[in-house]
Amino acid sequence: MRKKADLHVHTTESDGKYSPEEVVKMAVERGLSALAITDHDTFAGYAKAKLATDSQIEIISGMECTCDFEGREIHVLAYGFNTEDESITSFAQKQKKLRVNRAEKMISKLSNMGYDLDINDVIAESGTWNISRNHIAKVLVKKGYASHTQQVFNKWLGNDLPAYFKADYKPVKETIDIIHNAGGVAVLAHPASYYSDQDIQYLIDCGLDGFECIHPSHPYNLQQKYATLCDERGLLKTGGSDFHGFKKSELTTLGTVSIDYDNVHVLKQACHKNSNELTI
Ligand code: AMP
Ligand code: MN
Ligand code: MN
Ligand code: MN
């Protein structure tokens with residue numbers, strides 16, 4: 001049987017349902033050979049996952065970085081970086097503060113719209129202070145203002161909707177530089193149909209190392225589009241389930257929406273090359 005990897009998974013360190021330890025256990029049970037925990041703007045799950053493995057599965061450091069691309073909020077996946085690196089650690093700390101501030105702004109918008117909501121409820125829901133829009137959505141559902149979180153995103157919290165607030169995220173180029181300086185590689189998350197050819201060229205010029213080809217939002221034609229682009233340009237191909245663990249439809253994605261382990265091997269080589277270039 002071919003070795004498989006899932007390089008896009010969330011845990012309780014951001015907006016996922018299961019702890020890093022639980023996710024590692026599930027990934028082992030589902031026969032994966034490698035796993036990257038890619039929480040939003042934090043890699044706090046990495047050390048916990050490493051401790052939970054007993055080497056049944058390879059853990060790659062990961063983080064889904066939120067950054068700015070021409071005024072739009074986009075996600076760049078960082079892999080294989082040194083988790084002790086000062087600038088990437090400081091990046092994650094700053095993002096956490098930015099997220100608290102942004103949550104306060106969104107809550108204030110919701111309060112002005114007549115919804116009774118407190119930042120402390122949202123902090124408690126997050127459990128970590130690493131606040132995601134999903135945590136605000138959950139509190140609104142618990143208070144009976146919506147029947148499910150998707151409704152909250154569709155009505156209020158989705159990008160550019162009335163309770164949305166755009167934080168002052170770092171530009172994508174700066175984010176890619178931080179990842180490279182920490183010896184890692186930067187991969188565009190779930191590109192789907194969100195980027196023009198010109199955007200893609202700009203991102204490659206910024207130093208982007210690869211594209212997430214396999215993602216639940218990508219039908220076969222998009223998987224092929226990005227795989228061909230990566231093959232033609234010598235870029236890394238990654239993939240994963242983007243598992244959060246809350247939806248019924250996700251129950252089988254961890255372990256099935258995955259990539260061949262060969263891609264992890266290539267990714268690791270790219271990380272080594274990157275670190276060597278910096279230390280020479
Ligand atoms: P945040 O990192 O706080 O901006 O939240 C981003 C997360 O919220 C995504 O990873 C999804 O889990 C969720 N999300 C964002 N937009 C939507 C949407 N339109 N519908 C459902 N979930 C969404
Ligand atoms: Mn999420
Ligand atoms: Mn994302
Ligand atoms: Mn994600």
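Q: Are histidine 8 and histidine 10 buried or exposed?
A: Both are buried. Keep in mind that this is a predicted model.

Q: How far apart are ligand 4 and the manganese ion (ligand 2)?
A: They are 4.8 Å apart.

Q: What coordinates the manganese ion (ligand 3)?
A: Glu64 does, through OE.

Q: What parts of the chain do glutamate 64 and histidine 190 tie together?
A: Glutamate 64 lies in strand E4, residues 62-69. Histidine 190 is in the loop between strand E6 (185-188) and H8. So the pair ties together parts that are 126 residues apart in sequence.

Q: Is glutamate 64 buried or exposed?
A: Glutamate 64 is buried, with a relative accessible area of 1%. Histidine 190 counts as partly exposed, at 23% relative accessibility.

Q: And the spacing for the donors of ligand 3? What is it?
A: It reads E-x10-H-x114-H. Ligand 3 is 6.0 Å from the manganese ion (ligand 2).

Q: New topic. How many salt bridges does the structure hold?
A: It holds 17. One of them joins the side chains of arginine 2 and aspartate 260, at 3.0 Å from N to O.

Q: Where do arginine 2 and aspartate 260 lie?
A: Arginine 2 is in the segment before strand E1 (4-9), and aspartate 260 is in strand E9 (residues 259-260). Arginine 2 is exposed, at 51% relative accessible area. Aspartate 260 is partly exposed, at 22%.

Q: Which residues are linked with them in a network of salt bridges?
A: The network links Arg2, Lys4, Asp260 and Asp262.

Q: What about aspartate 199? Which side chain meets it in a salt bridge?
A: Arginine 72 does, at 3.1 Å from N to O. Aspartate 199 sits in helix H8 (residues 197-205) and arginine 72 in strand E5 (residues 72-79), so the pair ties together parts 127 residues apart in sequence. Aspartate 199 is buried, with a relative accessible area of 12%. Arginine 72 is partly exposed, with 24%.

Q: How far apart are the closest N and O atoms of aspartate 116 and lysine 143?
A: They are 3.9 Å apart, and the two residues form a salt bridge. Aspartate 116 is in the loop between helix H3 (86-112) and helix H4 (119-126). Lysine 143 is in the loop between helix H5 (133-142) and helix H6 (149-157). Aspartate 116 is exposed, at 52% relative accessible area. Lysine 143 is partly exposed, at 35%.

Q: Switching to helices. At what angle do H3 and H5 cross?
A: Roughly 35 degrees, and their axes come within 10 Å. The crossing is right-handed.

Q: Which residues meet there?
A: H3 brings Arg102, Ala103, Met106 and Leu110. H5 brings Arg133, Ile136 and Leu140.

Q: How many of the contact residues are nonpolar, polar or charged?
A: Five are nonpolar, two are charged, and no polar residues take part in the contact of H3 with H5.

How values were computed:
Residues numbered from 1 in each chain as written. Chains lettered and ligands numbered in written order. Predicted model: local features only at pLDDT ≥ 70, side-chain atom pairs only at ≥ 80, totals over all residues. Heavy atoms only, no water. Donors = N, O, S within 2.8 Å, 3.2 Å for Na, K, Ca; no water. Buried < 20%, exposed > 50% of the residue type's maximum accessible area, 1.4 Å probe, protein only. Salt bridge = Lys/Arg side-chain N within 4 Å of Asp/Glu carboxyl O. Helix = DSSP H or I, 4+ residues; strand = E, 2+ residues; numbered from the N terminus. Axes fitted to C-alpha atoms, helices over the stretch in contact; angles between N-to-C directions. Left-handed = near helix turned anticlockwise from the far one by under 90°. Contact = heavy atoms within 4.5 Å. Nonpolar A, V, L, I, M, F, W, Y, C, P; charged D, E, K, R; others polar.
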